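Here are a few notes to read alongside the structure. Keep the view open and find each piece as you go.

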Amino acid sequence: LPPPKKPPPPIHIDIDLHVPLSRGLGSSSTAIVGGLVGANLLAGNPLSSNQIAALATDIEGHPDNVVPALLGGCRLAVHDKNAQLNLCAIPWHDAIIPVVAIPDFELATADARRVLPDSYSRADAIFNAAHLALLTQALATGDGAWLKTALCDRIHQPYRKTLIPHYDDIYDQALAAGAWGLVISGAGPTLLALTSPESVASVRQTLGRPWESANIPYSVHTLAIDPKGTQAQLT
């Protein structure tokens with residue numbers, strides 16, 4: 001049963017958000033998780049992490065971003081036949097470094113979904129399922145050859161890349177600079193390269209450079225996986 005309702009306390013909220021909006025980086029998930037965790041803390045922590053994850057998933061519509069935002073790390077989240085959320089941590093090897101190029105234009109999730117087909121062939125579904133299985137092992141072991149193969153996709157990137165100027169050029173240059181692969185972050189337009197520590201510098205220098213010729217401002221950041229997730233405390 002849900003906990004009894006409590007009147008909201010008087011609060012003042014200041015937000016210092018470092019996640020750019022409408023860039024495919026999960027800004028809505030950070031807001032949802034932050035609100036739920038904060039409310040749970042003020043209410044005396046009646047909800048478990050799994051209950052917060054389920055609520056966040058209901059609000060967001062899918063668990064893809066809210067679960068790792070809440071719990072940290074790399075996560076699989078799957079609903080069972082009873083609509084219960086099952087959470088599974090995937091080890092992320094230290095040899096895999098994420099580098100993102102964030103362009104100065106927005107791409108609405110609704111627009112990114114609109115370009116997707118209504119159905120997929122059996123071959124494409126099998127292709128992506130097999131590559132996802134390989135991806136879990138590539139992330140856990142840091143095997144670059146596996147990772148390069150596993151990042152191939154037939155479900156969303158071939159369609160959504162048409163909404164991102166110079167995607168193919170950026171992809172080719174990233175791999176030439178040493179990246180194992182380049183993918184669209186979320187719905188885009190941010191592009192995410194995965195690379196080794198030895199190639200981080202060259203990938204950073206190269207990633208997103210074709211946007212310069214189109215006068216599209218952008219920024220490049222080397223990221224790290226947060227193993228702890230959301231932390232909150234009363235002050």
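This is a predicted model: local features need pLDDT of at least 70, side-chain atom pairs count only at pLDDT 80 or more; totals for chains, interfaces and linings use all residues.

1. Start with the largest nonpolar core, which has 18 residues. Which of its members touch the most others? They are Ile164, Leu182, Leu191, Leu207 and Trp211. Strand 3 (97-103), helix 8 (167-176), strand 4 (181-184) and strand 5 (191-195) each put in at least two residues. Helix 8 gives the largest share, with three residues.

2. Now zoom in on isoleucine 164. If you skip its neighbours within four places in sequence, isoleucine 164 is in contact with Leu107, Ile184, Pro189, Leu191 and Trp211. There is also a second, separate core of 15 residues, and Cys74, Ile90, Ile96 and Ile102 are among them.

3. With 20 residues at 1.5 Å a residue, helix 5 should span 28 Å, and its end C-alpha atoms are 29 Å apart, so the two agree.

4. Which residues of helix 5 are buried? Look for Asp124, Phe127, Asn128, His131, Leu135, Thr136, Ala138 and Leu139. An α-helix has 3.6 residues a turn, so residues three or four places apart point the same way. The cover over the buried residues of helix 5 includes strand 1 (74-79), strand 2 (85-90) and helix 6 (144-150).

5. Last, an unreviewed UniProt entry annotates residues 137-211 as "domain: GHMP kinase C-terminal". In the model, that span is 47% helix and 12% strand, and its end C-alpha atoms lie 33 Å apart.

Methods. Residues are numbered from 1 along each chain as its sequence is written. Side-chain values use heavy atoms; hydrogens and water are left out. A nonpolar core is a set of buried Ala, Val, Leu, Ile, Met, Phe, Trp, Tyr and Cys residues joined through side-chain atoms within 4.5 Å. Buried means under 20% relative accessible area, exposed over 50%, partly exposed in between (1.4 Å probe, protein chains only). Helices (H or I, at least four residues) and strands (E, at least two) are DSSP runs, numbered from the N terminus. Contact means heavy atoms within 4.5 Å. The expected span of a helix is 1.5 Å times one less than its number of residues. UniProt positions are given in the numbering used here, feature names are shortened, and annotations may be inferred rather than shown by experiment.
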